[in-house]
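Please keep the sequence and the structure in view while reading.

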Amino acid sequence: MDNCVTHLDSVFHALADPTRRAVVQRLVEGPAPVKELAAPFKMALPSFMKHISVLEAAGLIASQKQGRVRTCTLKPGQLEAAEKWFGEQRAIWASRYDNLDNLLTTLKGETNET
């Protein structure tokens, strides 16, 4: 459980930055070289590489260097883990709302009887 939570922490940390989210969004379309990924952002390549390192550390992307070109690829497994966590939270809150609806219906019925 702790390992899973720690891993989710790194995934959410990585996705908290708009530059990293844009990289993930671009990689949904397919693998891309770092130079292409960095092009839309006004920052030096070493700064951009720090974003790539955070995404790799979170397990969201992988990169492979061939010659002078480093190509990044999305690893969807960690996104699926985050999606599963959101689904669990959504189910918990839906259950709580159902319980609240039932309580309000019961209280409303008691009010109408008196």
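Leaving aside neighbours within four places in sequence, V11 is in contact with A58, L60, Q78 and A82, where contact means heavy atoms within 4.5 Å. This is a predicted model, in which local features need pLDDT of at least 70 and side-chain atom pairs count only at pLDDT 80 or more, while totals for chains, interfaces and linings use all residues. Residues are numbered from 1 along each chain as its sequence is written, and side-chain values use heavy atoms, with hydrogens and water left out.

V11 belongs to helix α1 (residues 2-15); helices (H or I, at least four residues) and strands (E, at least two) are DSSP runs, numbered from the N terminus. With a relative accessible area of 0%, V11 is buried. Here buried means under 20% relative accessible area, exposed means over 50%, and partly exposed lies in between (1.4 Å probe, protein chains only). From C-alpha to C-alpha, V11 and C72 are 17 Å apart in space and 61 residues apart in sequence.

One of the partners of V11 is A82, a residue of helix α5. A82 is likewise buried, at a relative accessible area of 5%. Its own contacts, apart from neighbours within four places in sequence, are L8, V11 and F12. A82 and D9 are separated by 73 residues in sequence, yet their C-alpha atoms are 9.6 Å apart in space.

Rings of Phe, Tyr and Trp (its six-membered ring) pair if their centres lie within 6.5 Å; planes under 30 degrees apart count as stacked, over 60 as edge-to-face and the rest as tilted. By this rule there are 5 aromatic pairs. Among them is the stacked pair of F41 and F48, with 5.8 Å centre to centre and 25 degrees between the planes. W93 and Y97 form a tilted pair, because their ring centres are 6.3 Å apart and their planes stand at 45 degrees. Both residues lie in helix α5 (residues 76-113), 4 residues apart, which is about one turn of the helix. W93 is partly exposed, with 44% relative accessibility.

Not counting residues up to four places away in sequence, T19 touches F41, M43, F48 and H51. T19 is buried, at 11% relative accessibility.

The view may now widen to the whole chain. The protein has 5 helices and 3 strands, and from the N terminus on its elements run α-α-β-α-α-β-β-α. Its radius of gyration, taken over C-alpha atoms, is 22 Å, well over the 13 Å that the globule rule gives for 114 residues, so the protein is more spread out than a compact globule. That rule is 2.2 Å times the number of residues to the power 0.38. Along its principal axes the C-alpha trace spans about 80 × 30 × 20 Å. Buried residues make up 23% of the 114 residues. Of the contacts between residues at least 6 apart in sequence, 51% join residues at least 24 apart.
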